[in-house]
Amino acid sequence: MIPLSLLIMSLLLSCGGGILCLLLKRREGDIRLGGSGVGIAAALAGLGAGLTAIGAGQPAVLDAAGPYPFAHFVLRLDPLAGLMIAVISLLSLVAWIYGFAYVREYAGRGVGAMGFFMNAFIASMMLVVAADNAFWFLIFFEMMSLASYFLVIFDQDDEAVGAGFLYFLVAHGGSVLIMAAFFLMANRAGGFDFAAFRAHPLPAPLDSVAFLLAFVGFGAKAGMIPLHIWLPRAHPAAPSHASALMSGVMIKIGVFGIVKVGIDLLAASAGPAMLGWGLLVLAFGAVSSVLGVVYALAEHDIKKLLAYHSVENIGIILLGIGTGMIGMALHQPVLAVLGLMAGLYHLLNHAVFKGLLFLGAGSVIFRMHSKDMEEMGGLARTMPWTALSFLVGALAISAIPPLNGFVSEWYTYQALFAAALEGTPLVAFAAPIAAVMLALTGALAVMCFVKAYGIMFAGAPRSHHAEEAREAPAAMVAGMAVLAVACVALGLLAPLVAPVMGRIAAATIGAAPVTLAVGATLLPGDAQQATLSTPLIAILLIAMAFLPIGLKAAFAAKRGGDRKVAAPWAAGYLPDHHMPATAGSFAQPIRMFFAPLYTLRRSIAGRWTGIALGFERVVTLARRTEPLADRSVIAPIVGVVDAGGKRLQAIQGGDFRIYCLYIVAALIALLALAV
Amino acid sequence: MLTFSHFILGLFQALLLLAAAPLVSGLSRMVRAKLHTRHGPGPLQDYRDIAKLLTRQDLTPPNSGFAFRAMPAVMLTTVLVIAMGIPMLTRFTPVAPIGDLITVIYLFALARFFFSLSGIDSGSSFSGIGGSRELTMGVLVEPVMLLSLFVAALLAGSTNLGAIGTAIADGHVRSATATVIAALSFAYAIYIELGKLPYDMAEAEQELQEGPLTEYSGPSLALIKWAMALKQTVVVAWFIGVFLPFGSASGMSFFGLLFGLVAFAIKLVLIFAAVGVVENSVARVRFRLTPQHSWVGVGAASLAFVFYLVGL
């Protein structure tokens with residue numbers, strides 16, 4: 001029961017923190033200190049809850065009556081929920097540390113409200129993953145969407161409000177679909193408890209309907225293409241530590257939902273249909289990953305660029321999860337565990353490096369007051385720690401060995417490889433194509449992050465602000481440092497982390513624990529097996545680096561001192577500061593070669609604009625119908641009264657002699673009546 | 001499993017390749033001169049260039065930072081680590097955790113990352129364009145590389161490079177046609193990766209590979225030149241190890257290794273001679289037309305994949 005009590009402690013702390021932030025009202029210094037302090041405590045408790053839940057193996061269940069007779073308030077901490085809670089807590093811990101300094105940017109604009117919504121957001125996310133009852137799941141899901149909506153519109157400018165509205169629409173459209181899926185299952189199970197859902201599997205065509213509804217609903221939350229359109233607008237609009245939480249964690253709730261419904265709730269009923277679901281998830285994953293990174297490349301706004309990368313990484317996570325579902329459908333527990341484990345590992349990794357990158361971007365924006373990369377440049381000299389953390393994040397998201405992004409992508413490749421080897425013809429056809437998509441994604445991601453790091457931190461400053469930037473405050477650097485260390489640790493300690501992830505995956509699937517990833521090898525007992533050892537790669541990289549460094553040092557005595565010279569090789573032709581690569585020019589070849597994909601985006605965006613226009617039409621129609629009652633009932637009455645009044649005005653001539661005449665006439669009339 | 005002797009073998013072959021790389025690039029220059037009917041430099045010219053550059057001053061542009069300074073070392077280091085994992089003298093990979101096709105592709109991405117980043121970091125416009133183009137080539141080539149190797153890996157049943165090579169050498173592949181087509185498309189991808197005409201002219205300033213080098217000088221330039229020569233050699237060795245493993249040792253016996261070394265050297269020289277002939281008989285392709293060429297690679301790799309699926 002340790003995990004549950006820690007979780008409840010964390011939730012209570014979050015509630016208290018939220019109320020505290022509201023109570024302190026305008027004392028912003030106290031809000032920052034109190035909010036961050038309580039937030040950090042809540043996050044630590046949550047981290048403890050998550051880790052102990054992963055370690056426990058057996059799910060811990062809390063069944064309380066709750067206020068509604070039809071829906072028990074059930075919390076269930078299985079290893080999967082534990083992983084999600086650990087990820088949420090890790091990111092919120094860092095967000096609170098970072099936010100302590102960062103919210104000064106928002107001084108005087110409702111820091112208390114921001115603290116309240118952050119707490120509500122974090123607590124509702126934890127409750128969503130822990131809830132074991134469809135009714136409460138939906139309540140908390142809505143709470144999460146609402147709290148994040150208020151964070152998105154925090155800036156209150158046109159862009160933020162517009163983005164917030166789109167987000168609101170998509171989030172609620174999604175939750176309607178999820179609701180429909182849950183009602184289908186509840187109808188069958190006779191109750192809203194997930195335990196009942198598990199016990200009463202849906203019959204054949206209905207289960208696919210339920211899965212599709214849930215897949216689209218959760219997919220909208222996860223931001224997979226083509227339901228991503230809100231993501232690159234909403235995430236950049238939020239404050240950076242909230243964006244880190246949204247991109248790092250909240251969209252993972254969508255992935256969690258897909259796993260929950262597809263693998264946990266519907267698994268028992270899934271027969272041959274499951275193969276189709278797995279392939280569907282795989283296809284959406286492949287498309288999202290490639291298109292996400294292609295669109296990211298064309299962005300100048302650093303936060304938009306990062307938001308598009310979230311779309312890409314959701315795609316990569318879905319590749320792993322789709323493979324896992326295929327493995328379940330084919331009754332191959334090893335493949336199922338391998339795929340799901342790759343997806344979950346990437347989920348964790350993406351939370352860490354995307355959080356790091358958003359915080360890095362936030363630090364730069366904090367000093368630059370601009371999101372446009374074209375105005376940055378050369379920040380590595382003025383903000384060295386931010387630059388170093390951002391570089392670690394950039395290398396990790398580009399899947400460069402030996403960092404964490406590479407490890408989970410490697411496992412994804414291996415899962416796809418195993419699926420291609422052992423699957424049915426259709427799977428054998430689909431899996432290698434997904435692998436090629438992943439390779440294309442990887443190459444494009446490298447390009448995108450060379451651009452992002454290069455244009456922001458390398459070269460010459462592109463604006464006055466960039467020249468005068470200073471390092472971010474210590475709390476912000478500390479927040480980034482925690483995540484940068486996590487990136488390195490999750491990469492180098494892969495031999496320790498991978499088996500844990502494998503256990504979580506096995507527990508989620510309900511398979512007997514498959515001995516996965518013992519030490520360096522993928523599967524034990526096969527000499528021909530592919531192996532991965534990030535510690536070895538790291539050691540070799542460090543050891544081999546002595547050779548070039550030593551070589552350079554050995555000849556140091558023979559040459560004159562090294563110099564910094566302005567344009568020594570310009571050959572009399574001095575380039576000016578407009579000429580170096582820009583965010584636009586660097587990605588220009590890709591924009592040229594992949595032009596059709598950008599056209600596709602415009603047409604998808606057009607479609608969404610159509611939906612938004614439709615909404616506007618509905619609003620206009622409503623505006624037009626609303627006065628109908630006025631016009632047909634009230635307006636005629638008002639008109640008659642008005643007209644009567646106008647006529648009556650005639651007797652009111654303004655001449656007091658006439659009024660006297662009226663009085664005399666009235667007197668006579670009254671006398672006549674009395675007589 | 002990774003034993004101490006395997007590790008030493010990996011280290012030995014990496015250092016051997018490092019020592020031989022300038023000779024290989026020197027031979028390429030000789031072939032080039034012969035085909036141009038001119039007296040070129042001798043095969044040892046690249047050693048002399050490197051030695052000379054190592055004693056020159058290191059000039060850095062004023063706006064450059066950490067990435068610019070670190071790149072030469074990072075690049076040479078990465079390629080050396082890759083060289084430890086690729087099967088050259090032996091059928092199996094000396095350092096197994098590195099000799100995995102995915103790991104090798106992504107380690108090359110590490111080198112590419114810093115190589116291109118240094119282009120932006122130097123602040124020079126030519127370098128920036130060079131970096132952008134280098135990465136674009138990576139985008140066009142990596143999928144072809146992965147698909148062709150993936151097909152070979154599926155045929156052999158493992159993503160370990162040594163296992164693929166062994167399966168091909170023993171003829172334990174399900175489809176010979178698929179193997180041959182995969183080899184051809186991989187060779188094509190490798191050729192683009194070499195940075196030779198018609199896709200690149202490694203010797204020319206402001207071309208793709210020389211682009212990020214524009215601002216380098218002295219020992220840094222020496223290290224990069226060496227690293228580029230080593231990279232070209234390693235890339236060809238990668239092809240030999242996977243698709244032409246014939247003659248390499250299957251055990252750790254001394255004579256086996258010696259024979260493997262001789263066979264490897266012959267294959268390497270033959271391939272570089274062929275590459276020399278190709279590169280000197282074609283003209284430069286316009287950069288914006290490169291995708292049309294890389295689609296051929298994608299097509300060939302897909303064809304190999306189809307043959308694998310059909311099992312012909």
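This is a predicted model: local features need pLDDT of at least 70, side-chain atom pairs count only at pLDDT 80 or more; totals for chains, interfaces and linings use all residues.

Residues are numbered from 1 along each chain as its sequence is written, chains are lettered from A and ligands numbered from 1 in the order in which they are written, and side-chain values use heavy atoms, with hydrogens and water left out.

**The two domains of chain A**

- Chain A is assigned domain 1 (181-227 + 258-523 + 531-538) and domain 2 (595-674), with bounds that come from an automatic or database domain assignment.
- The C-alpha centres of domain 1 and domain 2 of chain A are 58 Å apart.
- Where contact means heavy atoms within 4.5 Å, 9 residues of domain 1 of chain A touch 6 residues of domain 2 of chain A.
- Domain 1 and domain 2 of chain A bury about 670 Å² between them, with 67% of this area given by carbon and sulfur atoms; buried area is the accessible area (1.4 Å probe) that two parts lose on being put together, summed over both.
- On the side of domain 1 of chain A that touches domain 2 of chain A, the largest share, 4 residues, comes from helix α11 (residues 273-297) of chain A; helices (H or I, at least four residues) and strands (E, at least two) are DSSP runs, numbered from the N terminus.
- That side of domain 1 of chain A has 8 nonpolar, no polar and 1 charged residues, where Ala, Val, Leu, Ile, Met, Phe, Trp, Tyr, Cys and Pro count as nonpolar, Asp, Glu, Lys and Arg as charged, and the others, Gly among them, as polar.

**Where chain A meets chain B**

- The size of an interface is often given as the accessible area lost when the parts come together.
- Chain A and chain B bury about 6800 Å² between them, 76% of it on carbon and sulfur atoms, and the contact involves 82 residues from chain A and 79 residues from chain B.
- Within chain A, the residues that lose the most area to chain B are Phe417(A), Met544(A) and Trp569(A), which together make up 10% of what that side buries.
- The rule finds 1 salt bridge across the interface of chain A and chain B, a salt bridge being a side-chain nitrogen of Lys or Arg within 4 Å of a carboxyl oxygen of Asp or Glu.
- The side chains of Lys552(A) and Asp58(B) form a salt bridge, at 3.4 Å from N to O.
- Strand β3(A) is joined by 2 bridges to strand β1 (residues 59-60) of chain B, and these strands run parallel; two strands pair if DSSP finds at least two bridges between them.
- Lys564(A) has Thr60(B), in β1(B), as its bridge partner.

**Backbone details in loops of chain A**

- The peptide bond from Ile225(A) to Pro226(A) is cis, with omega near 10 degrees, and Pro226(A) lies in the loop between α8 (204-222) and α9 (231-237) of chain A.
- Pro401(A) and Pro402(A) are joined by a cis peptide bond with omega about 0 degrees, and Pro402(A) is in the loop between α15 and α16 of chain A.
- His369(A), a residue other than glycine, has a positive phi, near 55 degrees, and His369(A) is placed in the loop between α13 (333-368) and α14 (379-382) of chain A.
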